[in-house]
Amino acid sequence: MNEKLEKRILDVTIEVCAHNEPGVFSTRLIAKKADTSEGTIFLHFRNKRNLIFAAERQMGTELIAASQVITANAPTFQDFYSGCVDYVLKRPDWVAFINTYSHVFPRPKDDYGEGSYINRLLEAGEDSIRKYFPSVSAAALLRCVSFSYRELFRYAQLVLNGEVVDSPRFRELESNLVLHGISHYVEK
Amino acid sequence: MSRPSIENIDEKIVASTIELGGAKDPNVDFSTRAIASVSGCSEFLIFSHFGSKRNLLEKADVFIYSAITDEIEMVEAKKLPLREYLLVLLAWFVDHPSYTLFALRYGHGLPHPNPISYDNHAYDSFRMRLFATGYHWFHSSPREERLFFLVYAMNQLVFDASYLIYGSHQDTLEHREILIFELISGLDSFQKEEAGV
């Protein structure tokens with residue numbers, strides 16, 4: 001399969017998953033919107049699970065590339081985080097997709113470990129935030145990346161649902177929660 | 001043989017929906033046919049009672065976040081320190097894997113990809129109850145901010161519980177305490193770990 005068609009299928013997968021009713025996932029619809037056949041999709045991806053993972057990998061790679069650009073112009077972690085919020089809020093389909101489908105399946109074992117997709121992704125993410133946590137070990141930094149991105153999508157979903165009005169105040173609260181935890185706001 | 005009441009059938013269907021939607025080894029698009037099969041009824045009955053799959057998922061959602069709020073209120077009444085309070089709630093989420101995984105995938109009690117379409121008192125009631133439970137932790141913060149902190153904490157607990165349920169984090173007391181430490185101290189906790197705190 002050529003790269004262009006693969007990207008189109010994965011983009012449409014994210015779009016369809018984001019807009020369909022929860023718990024409904026139609027490869028027929030994806031094939032129609034991507035202007036290909038279901039047979040082509042299954043021939044290349046084998047099953048829905050692999051299709052979801054491939055879409056997630058494509059999205060993750062784009063997000064990390066974007067965050068490396070954001071970090072270059074963000075002197076503090078709060079600035080970096082706010083830049084990432086701006087980025088994902090412009091991509092509501094990504095937010096909906098990640099918040100539903102990335103939790104539907106446990107990750108396949110080959111996504112972990114040295115050289116795996118998750119590790120490559122986390123290592124790239126680690127480069128984005130290393131300057132904000134200079135004294136933290138590589139292993140702890142990987143967990144920081146995972147924690148930050150998970151929370152980023154959660155905040156974006158709250159905003160997109162209209163449950164939180166995106167404002168400088170809520171961004172400040174959000175980045176403080178991520179950085180300092182809930183103890184930052186608990187009365188002593 | 002008497003026929004089961006409609007209410008019981010609805011409850012059974014909702015329970016089956018949670019069981020399938022919150023399964024540890026999930027089916028990405030669990031079908032109404034599968035729900036009907038587990039419930040011991042027909043798909044027609046599901047649609048005649050709930051109208052659509054979306055409505056059914058929302059009923060299941062309401063059921064779960066009510067259960068979550070019941071638990072929060074019960075733990076709140078024990079007046080535990082914050083760390084213990086969060087550990088007890090984390091344990092509850094781990095002990096209720098189908099609730100936790102369903103809430104994570106389809107729940108409105110937590111951030112959900114789809115706007116809330118039902119207009120009933122259930123969600124407002126959930127918010128009000130959640131707001132009341134966390135009052136003493138954050139009492140000097142404005143109301144909307146208090147709710148924001150609580151939703152943040154509950155969401156992190158659900159995520160953390162899902163890692164333990166899936167086995168991607170080893171489920172030991174020590175590991176649970178680390179997760180709670182991260183929730184309480186945020187990314188700073190990683191720096192403190194480095195410093196041997």
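Predicted model: local features only at pLDDT ≥ 70, side-chain atom pairs only at ≥ 80, totals over all residues.
Reader: Why is α5(B) called oblique to α9(B)?

Author: The axes of α5(B), residues 82–95, and α9(B), residues 173–185, come within 10 Å and cross at roughly 120 degrees. Angles of 65 to 115 degrees count as roughly perpendicular and those over 145 as roughly antiparallel, so α5(B) is oblique to α9(B). By class, the residues of this contact are 8 nonpolar, no polar and 2 charged.

Reader: Which residues in α5(B) and α9(B) meet?

Author: From α5(B) come Leu82(B), Arg83(B), Leu86(B), Leu87(B) and Leu90(B), and they meet Arg176(B), Leu179(B), Ile180(B), Leu183(B) and Ile184(B) in α9(B). The crossing of these two helices is right-handed.

Reader: At what angle do the axes of α5(A) and α9(A) cross?

Author: In chain A, helix α5, residues 77–89, and helix α9, residues 168–180, have axes that come within 10 Å and cross at roughly 115 degrees. This crossing, too, is right-handed. Phe77(A), Gln78(A), Tyr81(A), Ser82(A) and Val85(A) in α5(A) meet Arg171(A), Ser175(A), Val178(A) and Leu179(A) in α9(A), and the residues of this contact divide into 5 nonpolar, 3 polar and 1 charged.

Reader: How do you know that chain A is built from helices, and how many helices and strands has it?

Author: Chain A has 9 helices and 0 strands, and its pattern read along the sequence is α-α-α-α-α-α-α-α-α. Chain B, for its part, has 10 helices and 0 strands.

Reader: What share of the residues in chain B is buried?

Author: A residue is buried if 20 or more other C-beta atoms lie within 10 Å of its own, and buried residues make up 41% of the 197 residues in chain B. In chain A, buried residues make up 39% of the 188 residues.

How values were computed: Residues numbered from 1 in each chain as written. Chains lettered and ligands numbered in written order. Helix = DSSP H or I, 4+ residues; strand = E, 2+ residues; numbered from the N terminus. Buried ≥ 20, exposed ≤ 12 C-beta atoms within 10 Å, placed from the backbone. Axes fitted to C-alpha atoms, helices over the stretch in contact; angles between N-to-C directions. Left-handed = near helix turned anticlockwise from the far one by under 90°. Contact = placed C-beta atoms within 7 Å. Nonpolar A, V, L, I, M, F, W, Y, C, P; charged D, E, K, R; others polar. Parallel < 35°, antiparallel > 145°, perpendicular 65-115°, else oblique.
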